[in-house]
Structures are given as C-alpha cells and as structure tokens.
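Subject: Structure for your review

Dear colleague,

Please find below the structure that I am handing over to you.

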Amino acid sequence: MPRIHLGDWVDSGVDWLVGHLSWLFDAVKAVMEGMYDGLDTLLAAPQPLLMAGILAVVAWWLRGLLAGVLAFAGFALVDSLDLWDRAMSTLALVLVATVIALVISLPLGVWAARSKAVSAAVRPVLDLLQTMPSMVLLIPAMLFFGLGTAAGVVATLIFALAPGVRMTELGIRQVDAELVEAAEAFGTTPRNILWRVQLPLALPTIMAGVNQVIMLGLSMVVIAGMVGTGGLGGAVNEAIGQLDIGYGFEAGVGIVVLAIYLDRVTGALGTQLSPLGRRAAAKARTRAWSYRPRPAVALAGVVVLALVAGGLGVFGPSAGTSEASGTDVGKGKEIRIGYIPWDEGIASTFLWKEILQERGFKVSTTQYAAGPLYTGLATGQLDFQTDSWLPTTHAEYWTKYGKQLDDLGKWYGPTSLELSVPSYVKDVDSLADLEEHASEFDGKIIGIEPSAGMMSLLKSTVLKEYGLEGTYDVVDGSTPAMLAELKRAYARHQPVLVTLWSPHWAYSDYDLKKLKDPKGAWGKGDGVHTLARKGFTADNPLVGRWLKDFSMTEEQLTGLEARIQKAGKGKEQDAVRGWLRDHPGLVDKWAPVARTGTHSEAAG
Amino acid sequence: MRVSPRLEAEHLFKVFGRRPDDAVERLRRGADRAELRADGATAAVIDASFSVEAGEIFVVMGLSGSGKSTLLRMLNGLLEPTAGSVRFDGQDLTALGDRALRELRSRKISMVFQHFALFPHRSVRDNAAYGLEVQGVPRAERERRADEALALCGLAGWESSWPDELSGGMQQRVGLARALATDADLLLMDESFSALDPLIRRDMQDQLLELQKTLKKTIVFITHDLNEAMRLGDRVAVMRDGRIVQTGTAEDILLRPANDYVASFIQDVDRSRVLTAGALMDTSVTADAPLCGCETATRETPFTELCALSARLSHRVSVVDGAGRVVGVVPRQRLLGFLGDEATAPVACDNPEGKVISHA
C-alpha cells in the first residue's frame, strides 16, 4: 500500500489557514472572548450567596421549591469549597459555547431536515467532529485561537455541535407528515410551516438536544482546561497533573453541581417553552414542594436579589489594595506565566508569582502540558516559563520554537535524568544490569508524559545503548501516574522501574537507587532555563534582568518543593510566602529595586 | 344556459419515479401500470377527467392504491400533475405559481383529512381559526368566525379545549370547522370519516348532508366505502388502478355498472338505502293525474319508504312529479325483484287461478 500523506496535507492545510485567515480567527476569537468576559463578569460580580440565590430562584420557577432549595445548597457547597470564581467562569464558558453551538446547529438541523442532500453531507462531518479524539482538535484550535478561552470554547463547541444538529433534524422530521400537509393545504408558506407547525412540535426533541449540547460542553470543560481556560476544568487538570486527589474531587464535585443544575433547568425550560409541555405541567402541579412561582414573581425575585447585590456595592470588585511603597515597580502590569506540573516548575513559577506580585505586577499562572506551553510561549500568549530543560531534554522544542523564544539563562543545574528503582531491589545498580532482570519488572519502564523530552531520549538513545529495545517497553503516561505507580509498588515492596530526574522530592520521600549510566547515554546534565517570548525583555527590562540573574541552590529548591508538596494543591502560593518569610532577604536579592523612600501610589 | 362546472379535471396523469413524461406518453399509447413499474415509474393517476358542478358532492371511490388520494391532491396543487389540467372557476391551477397557488388554497379551497390532522399545540379555537390566521385575518375577527364554524359543527362550548381532550368524532368536527371557517368554496375531503366508528361515521355523514343543504359548497369526497359514496355522492367516480372506470349517480352505478369490477364492487351495497322511486319506476305508465286518492310517491322517495307505501296500498304505487302528474308506477313485483336482484319478468304459472287442488 502506498503511504498516504494525510497528516502532511492536514499540516500544510492548518499552516495555510494560520497564515492566511488569521484575521478571521482573530475576529472569531474577539467575539468569543468578549461574550465570555462579559458573562463571566456578570456571573462573578454579585456575592456568591446572592448569585446562588438568583440561580436558585430560576430553578424554583422552572421546577419547583425543592429544586430551588437543592440548587441553593449545591451552589453554597461550591462556594464553601472555595471554587466559586472557577465555577462561574466554567458556567460562563459552557453557556457561551452552548449559545454559539445552538446558533450554528439549529439552522443546520433545520436545513438538514428539509434537504436530504444536506442531511447526507452533514452526517459524516458530525460523526467526525464527535468521535475525533478531542485533543487532536484541540491543538489546531490552539494554533488558530491561541491559548485560553477561545480555544476552549471552540473545542467545547465542536464536540457539542453534533447533538444539537441531530436532535433538531430528528425533531422536525418526526413531526407528523399529515400536519405539515394540512398546513400546506391551508396555504401556509414554507417559512410559516417551519415556525408555526414544525418548530413548536419539534421543540421537546430540540430541547433534549440543547440539554445534550450543554452536558457534552460540560464534559469537555476538563479537556478544554488543558489549553488554559481556567475554571473548574483547569482545577481538575491541575489536580490530575499533581496527583492531588482531594482537590480533584472537590473540583469534580463543582462540575457535577453545575451539570445537574444545568441539566434540570434546561429540561424544565423545554417543558416551559413547548405549549404541550406547559399544559401537561399545569395539570400535574399541586404539591407544596413542587409549587412554582409565576414567571413574574420569579423575575421579581431575581431582580430584587440583583438589586440587593448592586446595593451592597459588590458589582465590580473594588480596586485592589495596592501596597503603597517604593517597591511597586509593576504598577499593575500584567504578566502571564505558564508552567508544566513538574515540581521544580511549580516551585519556581509560584516563587516568581509571589515575588512579582510583591513588586506590584498582576500575575496569572496557568498550567499546561509541555507542547501547549511552548506553543503558547512561541505565539506570545504567555510571557515566560521557568522550567525548560536545556540543552538535552527539551531539545526538540527548542529546535522547533527556539527562534521565537528568548533564553533567559539557567537558574538551576546541573540536573540529571535517570531510571530509578527502589533500593530493596537487589542486584540492579546500573542500566547494564537491566537486561537480565527484565522479568522482574515485567519488561516495563514506567514513563511520564510522551511529550516530555526525557521520554524521546529514553526511547531513541538510552534503550539502544544498553540493548534493551526488545526486552523493555516504555509505558507512556504522566508524571503523576508514574509517581502513583511508584508509591503503590513501594508500599507493597514490589520491584518497579521508573523514569525520574534530579532534583526530585521523590528521592527524599522514598529510598531509591539511581541506576548508573556507564555509557553516558543520558548525556550530560541539563540546566533548568527560563524562557521568555520574543520581546518580553524589551517590554519589561527590569523583570528580564531579574530573571536572567535568578539562580537557586539545590537546598533552596528542594526545601521549597517539599514545602509546597506538604501544603497541598491550591496552597502553593501560601507555601511560597511562608518559605520566603523563613528566608528573609531573598526577594530583595532576586528582585532588587532602588528604594526611593516614601513614594505613595495609592494616594494618587 | 349551461353553467360552466366549478371544478374540471382534464386528462390528469400523475407518475412518480423515473422519467415521468415518457411514462405518460407510453400510457397514452396504451401501456399498462405493470409495464411501467418494471421501468421504475409508478403511475398513480392515469388519464382522469371529470367535472364537478357548484354545490355538488362528488365522491371518488376506490380501494387503497387506486390513486384517489393522489387525484385529490392534484386538485389543490399539493401535487403537480405530470400531465393534464385542473380548472377551478375557470382558472388553470397547473399554470399558477407557488405563491398564487398558496393564495388560492388559503382562500378558496380547504381540506379535511383522514386522521384529522389537528395541530396538537393549538386549542380547538386556534385550530379552527388556522386558515384565517394564514389569510392574515385579525385575531378578534378570526376567533369570532372560528367560533361560528365550531358552533355550526356542533362544538359550541368546546372552543378552549385541546384536541387531545376530544373524541375522534369531535376532533373531525374541528377538522370540518377548520375547513368551513375560511369560507372556501371548494371542500376536499380525504377519507374524512374512515377513521371513525361506524355509528359516529353515520352521524358525521348526516351532519355533512345537513350542512350542505344550507352551505351549498362544492365538495370532492374521497372514500373507499361504497355505502358512504352512495349516501353522500350526488355523483360518484369509481377508480381502479389509477383510472376512473365509471362516473355517474349512485343509481347509475348501482343499476348500470360499467364493468365486472364495478359490478363485483356493488354486490355488498345495501340497495334499499340508495335506490329511490325514480330509479325503480316503470315509466311506460304515465298520466296527467293519479287515478285514485291513494297515497303517492315522488321520484326521491327512498326504497324502504316505497316498500312501506306499497304494503299499505292494494295496487301499484303511483310516482308523481311536482305538478302532480304521474311520471311512472312501481308494481310490488318490481320492488321484490330489485331487492332480490332479479330483473326478469315473472314466469307464467300453470295454475293461474290459484285453485287448491286436493289430492283425495
């Protein structure tokens, strides 16, 4: 069979689109982000419990008292988990994606219902969109729209489009042909047949589709979190990345609350919108717990709550209390840091977040996989990242993106990459010993993310050097999965072979052996570099200089890592703050500013 | 002066499937349905011609698959004929564009469906007002007219109900009211009573006839039930395999079936309900006035009544016209003959005096 270079065609197609249609993508992006920002601001503006009240009144109106109470309890729970802002941004993301999905899918569904040709053409496209693994679509979406909301919305949208189109088409096709004929026989125009007969009768089915769209959108939120949409998806993603089961569960519960709320509310909305459903509901309504206020009452409730929210002055957060001191050199300027969930990356990222915030910058940190991180940096979506292992481990990324990046130098080194086993594993001390002990390890090397530079080095060079290619399989996975496997095997005293690197806190937690590398296959140690987007140092000369001069000792780094590890997910910055308090003077050393006395910013 | 017919169909063809025009050409040359089907074309209606007078109920009768529903849908342009023309009030429907056709349907032609086709998301009143809504009649007026139409169909008081709260018969009354509300002159009824129980069906037939006495609509009624056709139809067209095989009054069809197919069809018909004195009478006997003061019949007197009359009289029943002239007579012999489907004259008896012969 000839090799069909489908991948190359797609590649060049995507390149062409990025090159020639960027104006279009920018426009789409602007619209999406505008919608999202507006909605997010609106949802997050009132105090959480007030907003929960508003959402509960909506549920009360649509479904009854019990639903309203449960909705309030659910959202109060989300707030008490300290996930309110994330939940609201997820809600905004899902709603924006849903609205756009419906704007596309409803007309398409109507069209498909009216034309067999369109239906036949649309169906395989929908199949493709729905079944294509979402990560595959996420990367091009990122190239088109950059990191952040727009890419997330698009990824969610694409996934959620299909049920909207399908259910609309189905709903319309299901309408009794005799009714359509009756409408025709009385001289109804095709447009009115659609509006007066087909759509009203198809409404329950269409609303079931809308419901599906929302549910699929929510399920896509986690994946969208990988491209930096933040919200609950981002939280779940970070938790997974750092094996923080508790935090992941909390964020998951937040998503579940949102999902149930949206599912029930849209379901009830379907009933309310369709005349038939309304009639059935009117017949059934009697009980106290299913008592529902009239729409006017519900609207009044929402308005009153909103006014209370406004009266409390909680619309629009009051200006942050900026520290009135000479150290405020950032003056609220925004800096975006991206990081890979590796321990030294987390430590240095939150260290710099804390330092820069103390210096008056507004800092956002977002977690990515290595691929999206480099893409984001190269396209200028991010300002810098502190966890680039050069020259060896991240060599591939450097070759691909190096021209669009500035290397601000190494801040830690040398590092080393290695395969490690627990020290209770006898007779295995060097890579050369591995071949004869393959059965002990089931022929498996527990790897980390396949995108990690270390993995390709392992597969392409190290295994070959030691003749392990036939005897060992490298298991692709993730750093947390590798650590979980290590933890499990260590607890049971079983032999396990993992990819690991130094520095790593695992060496202080477990008694591990680094396997010697007599042939030097792993190469010389890397340095951990800080990379910035092209132009960042020109825009921020002071920060650029700080980053260039930055360096940490092993003791400092492992100490900070251990501190963060102990504090747990979501408390990284507190850990950094505490650690800095224990090591006074470091901030001024790493981020020196000329003290100019009593120069007050806040007074102005 | 002869009034031009309200609705006129001339050489209508409808062929579904491939190359319909070729198929029509072949049908004209005498090809039959089976030949066409082999080539992927289905001839639903073949060379149908008829005319319907104003105020007449014209029934198209045929078994399922005979093409009667297709024929009906060509009369209001829901289906475009493959060949032939439909003229309504002198206007050729086949020459009209979509917009003009819709306008015509909304104002002049309405339709009643087999399964009622009421809109489940509209109240009874809104259903009845649907045609007026399409016409753009203001809400207050269309509701008033819808309520009138509903009252006419015996549904006063049900205006605010919903279709699914009504029985089948009542739903079809709504369907009828919806068709009547627009004041359309032409009413197309597609097996409108077929889905109803026999008793309700009879009620509906009676009500339609009753309404027709005052409304004088032009009605084309489709049915597969010959009894219904005979009861309702001023004239009946019998269809078979896409062709109209006979058109005529109920009596024409009953007494003079055009072919074996029609004859076999009418076997089960209850003649006593259809036949009237006019069809039965012996017209060789006429007079300027009845010879005695006994009861007389008119041409329209139904068969059963005629039998009762004949039983009360000692002689033949005289049939008189409006002016009191005797236009024919009905001997008892003839009544029994029709009932028993026996048209020949009585044979001579070998004991005409009827003496009782004793066999001692």
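Predicted model: local features only at pLDDT ≥ 70, side-chain atom pairs only at ≥ 80, totals over all residues.

Domains of chain A

The assignment divides chain A into domain 1, made of 334-413 + 527-590, and domain 2, made of 416-514. Between the C-alpha centres of domain 1 and domain 2 of chain A the distance is 27 Å. Where the two meet, domain 1 of chain A brings 19 residues into contact with 13 residues of domain 2 of chain A. On the domain 1 side, at least two residues each come from α15 (343-358), α16 (370-378), α17 (395-401) and α23 (554-567) of chain A. The most is given by α23(A), with 6 residues. By class, this side of domain 1 of chain A has 8 nonpolar, 6 polar and 5 charged residues.

Strand β5 of chain A

β5(A) runs antiparallel to strand β8 (residues 498-502) of chain A, to which 5 bridges join it. Within that pairing, A:Thr499 of β8(A) stands opposite A:Leu419. β5(A) also pairs in antiparallel fashion with strand β9 (residues 512-514) of chain A, through 3 bridges. There, A:Leu512 of β9(A) is the bridge partner of A:Pro422.

Helices α5 and α6 of chain A

Helix α5 (residues 84-114) and helix α6 (residues 116-131) of chain A pack with their axes 5 Å apart, at an angle of about 130°. α5(A) is therefore oblique to α6(A). The contact is made by A:Leu108, A:Trp111 and A:Ala112 from α5(A), together with A:Val118, A:Ser119 and A:Val122 from α6(A). This contact of α5(A) with α6(A) has 5 nonpolar residues, 1 polar residue and no charged residues.

Contact between chains A and B

The contact between the chains takes 16 residues from chain A and 18 residues from chain B. On the side of chain B that touches chain A, α4 (98-107), β6 (109-112) and α6 (130-135) of chain B each supply at least two residues. Of these, α4(B) gives the most, with 4 residues. The residues on this side of chain B divide into 9 nonpolar, 6 polar and 3 charged.

With kind regards

Definitions and conventions: Residues numbered from 1 in each chain as written. Chains lettered and ligands numbered in written order. Pairing = 2+ DSSP bridges. Contact = placed C-beta atoms within 7 Å. Nonpolar A, V, L, I, M, F, W, Y, C, P; charged D, E, K, R; others polar. Axes fitted to C-alpha atoms, helices over the stretch in contact; angles between N-to-C directions. Parallel < 35°, antiparallel > 145°, perpendicular 65-115°, else oblique. Domains from an automatic or database assignment.
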